[in-house]
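This report walks through selected features of one protein model, section by section. Please keep the sequence and the structure in view while reading.

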Amino acid sequence: MSTNHIKCHCCPQSSEEPSSEIKSGISRRNFVTMGGVLLGGLTLANLQNHAFASEILGVKADDAPLAPLPRKPLIVKPILVYDVPSPQEQNSWRNWGGIHSRADAQAETSRISTELAILKAKADYPIDFLEVSMVTNITEMNNHADIAKSDTIVLYGAGYNVNGVQNFGKDVIFFQRWRSGPVYLQYEIISPRFLRRHTDAVVVSGIGHSDIVTDSTEELNWRFRALCGLKNTKGSKIVTIGGAGAWAQPRNVVPDLVKKIWGFEYHDVNYDELGKLIDEAKADRTLMAKVKKRADEYLKIPGTQLETKEDFFVNCFVLDEIFRMLMQKVGTNKITVNSCMGAIMPKSKTTACFTLTTLNDDGYLAFCESDFVAIPSGVLLGNITGKPVFLCNPTYPHDQIITVSHCTAPRKMDGKNYDPVRIVTHYESDYGAAPWVDAPLGTMTTHIAPSFKSDRWVGLKGKIVEVPFRPICRTQFDIQYGMPDSLLAERMPGFHWMTCYGDYRKEIGYALRRVGIEWDNLDEVPVKEMC
């Protein structure tokens, strides 16, 4: 008698990887090709000792679960460039602007410091400002210690001699005054003299029109937010349970490309190693008591409803503890699970779905399917927003509605409050524990659809208009968007999307310019291109 085997469409194995290698974890041959690090010889005792050492250093002082590493602050160096002209009889002797003496510059420096202190106090991302320097020529900052310390320079262009700032090897933002006064010289000449160099096109490398800000500290704010996210994304370390992969793509191609573009480091734990850690954890009475206590306390969170077997639910917290310890060992807050719709279930006696929910809600960046087509966009979006992000499957757009869904989703997508949840089984297997998150209707959302080639990301703004419970992946948002269906259908690349609450399209586009990925914001497509 023949048996029919249904291959799940949601997360097909990478096209060049044998099925046996997917189920056992990952082959050493392919992982070495990707330049990753195999985490072998792991024991629960060693992980716990590492966690205990971190507790001594103040990372965790009680029985709470291990917390993620915080985002690194963006270090900004403010520089005021001004002129000190000398009067000349019957001759033009000063440029435009209202800062023409050292006293004027000192007053402006004090004002800049105050404005930046207010911005820092209100920022929803970590940022530090170095002392404001005032110079008459930017070249005076050559070899200055603060330049080496900084990630970004914000140049206040009250004077003429700004040329050379592009050579410091830092991100640069120009700030100029108009109505906020006193007016700056660069308000007149930043385009023809600095950016275009007396030509009709921008010729300065690394600085463009999007780096020019007039009057508004809020315009500075979102750019700083973008650059903070970019800083925390480049060079990311990520724990890859079962190895780094890519949805329906050659397995050794996309992770290598991501490593080249973003500098990601992959730290692999194969499924044999994970299985041993799970067995050790379940034999550890102290750990299991903690796990059971965490599971019981979780069910007391308002709006939490358990509709699957308690063992499935508790086992998700076993995985949660192990994943936190693995991330702490590597020194990261990022993890992804490969072959999560099959290989992990016999090891964990549950699914990883709800584990990823608890991790994301606590500030980690935790993703299913190990799809490195989409994961860089989730890491960047999470680092920009400081909020959990939702890796999801899109459907086909129609009637200005598209459904995005997956069997794992954060509950605290605003970064603060738990949305109501029904904890049910994973849909395709009808096994384990997965969330159906009841998101607030009317919530504004940002969506990113990355291309398989990692050369273009499509973005759009949406609004949650329905949270259904159809026979598909458990968490489901019906998203209303504002462009023609044909535009979205024709332009959407890849497969998996990343979704978050709020509108962060500007920040994503600003960051992507610096890594050479095209940002295709569909909400800004001219009408003539839609026709």
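## The parallel sheet

Five strands form an open sheet in the order β1-β9-β8-β11-β12, and their pairing is parallel. At the edges stand β1 (37–38) and β12 (365–368); each has a single partner strand, so one side of each is left without a neighbour in the sheet. Strands here are DSSP runs of E with at least two residues, helices are runs of H or I with at least four residues, and both are numbered from the N terminus. Two strands count as paired if DSSP finds at least two bridges between them.

Val37 stands opposite His267 in β9.

## Basis and confidence

The model is predicted: local features need pLDDT of at least 70 and side-chain atom pairs count only at pLDDT 80 or more, while totals for chains, interfaces and linings use all residues. Residues are numbered from 1 along each chain as its sequence is written, and side-chain values use heavy atoms, with hydrogens and water left out.

The protein chain has a mean pLDDT (the predictor's confidence in each residue, from 0 to 100) of 92, and 90% of its residues reach 70 or more. Where pLDDT is low, the predicted coordinates should not be read in detail.

## The β15–β16 hairpin

Strand β15 (residues 421–426) pairs with β16 in the antiparallel sense over five bridges. Arg422 stands opposite Trp436 in β16. Four residues lie between the strands of this hairpin, in which Asp430 takes a positive phi near 50°.

In strand β16 (residues 431–437), six of the seven residues are buried, so this strand is largely enclosed by the rest of the structure. Buried means under 20% relative accessible area, exposed over 50%, and partly exposed in between (1.4 Å probe, protein chains only).

## Helix α14

Helix α14 (residues 375–385) is largely enclosed by the rest of the structure, because 11 of its 11 residues are buried. Among them are Pro376, Gly378, Asn383 and Thr385. Gly386 follows α14 and has a positive phi, near 70°.
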